[in-house]
Structures are given as C-alpha cells and as structure tokens.
Amino acid sequence: MQYPAPPPGGRPAAGRGGGIGTAALVLGIVSLFLLFACGLGTLTAVAGLIVGFVAVSKDSNRGRAWVGIGLSVLTLIVAAALVAWFFSRAGVCMDLPPDLQERCLEERFGVRIDVP
C-alpha cells in the first residue's frame, strides 16, 4: 500500500532549516568575545538568550539553540564575576574625595590613569 505524498510546501523535518537556532549560536559565541570590549557581550548575551528560547519553542535547530543559550548564560556569569571583582577592588576608592580617587584606583589596579 502506498501512501500519498505530503503536500508541497509542508513543514520541514524537525531540526532542519530555520536560521533562528544558528543565530542563537552565533550570538552566544560573539558574546564571549564582545564581553571584553567594554562589556558589549552582555547585550548580545541577552539577545542570544531571547533568540535561543524562541528557536527552542519553534523547534528550529534546537541543538544549536541550546548551545547558544548555554554560551549566553556563561557570558552573563563571567560578566557578573568580573563586575563583582572590579567593585571589590575599586569600591573602597569610591568613598574617597575626588582628588584621591584617581590615585587609589592606580594603586589598586597597578595602572597609570591620565585624565586631561
């Protein structure tokens, strides 16, 4: 017994096609690199999470979407750890008068700050 062919333009097989899952993966990868460029990775990580969950709900490249979600979450965890580390080192300097803050930051981080 032969079954009739599916109608043309039917839904593609699950996990095939659809670039939403791939977009989530790309955003997750890019987030890790952009994190160290003035914290821009946090923005792309949030976008990666949103796109990743949309891809999972639409069943579009679920594997890539889950990896993108994982990389985005990893980026946000690393960003939170970096912010906590920075404020643990620089928090003491913020209570000082403005003329002493610069010198305190230079001593804490071992760098020279040239402010015009």
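I began with burial: of the 116 residues in the chain, 24% are buried (under 20% relative accessible area with a 1.4 Å probe, protein chains only; exposed is over 50%, partly exposed in between). The model is predicted, so I noted that local features need pLDDT of at least 70 and side-chain atom pairs pLDDT 80 or more, while totals for chains, interfaces and linings use all residues. Residues are numbered from 1 along each chain as its sequence is written, and side-chain values use heavy atoms, without hydrogens and water.

Next, the elements. I found four helices and zero strands, in the order α-α-α-α from the N terminus. These are DSSP runs (helices H or I, at least four residues; strands E, at least two).

I checked contacts (heavy atoms within 4.5 Å). Among those with a separation of 6 or more, 58% join residues 24 or more positions apart.

Then I took helix α1, residues 20-34. Its buried residues are G21, A24, L25, G28 and S31. They lie on the same side of α1, because their arc around the axis is only 120° (taken from the directions from the helix axis to the C-beta atoms). An α-helix has 3.6 residues a turn, so residues three or four places apart point the same way. The cover over the buried residues of α1 includes α2 (41-57) and α3 (62-90).

Last, the surface. The chain exposes about 8,000 Å², 69% of it from carbon and sulfur atoms (Shrake-Rupley method, 1.4 Å probe). I looked up F87 in helix α3. F87 counts as exposed because its relative accessibility is 52%.
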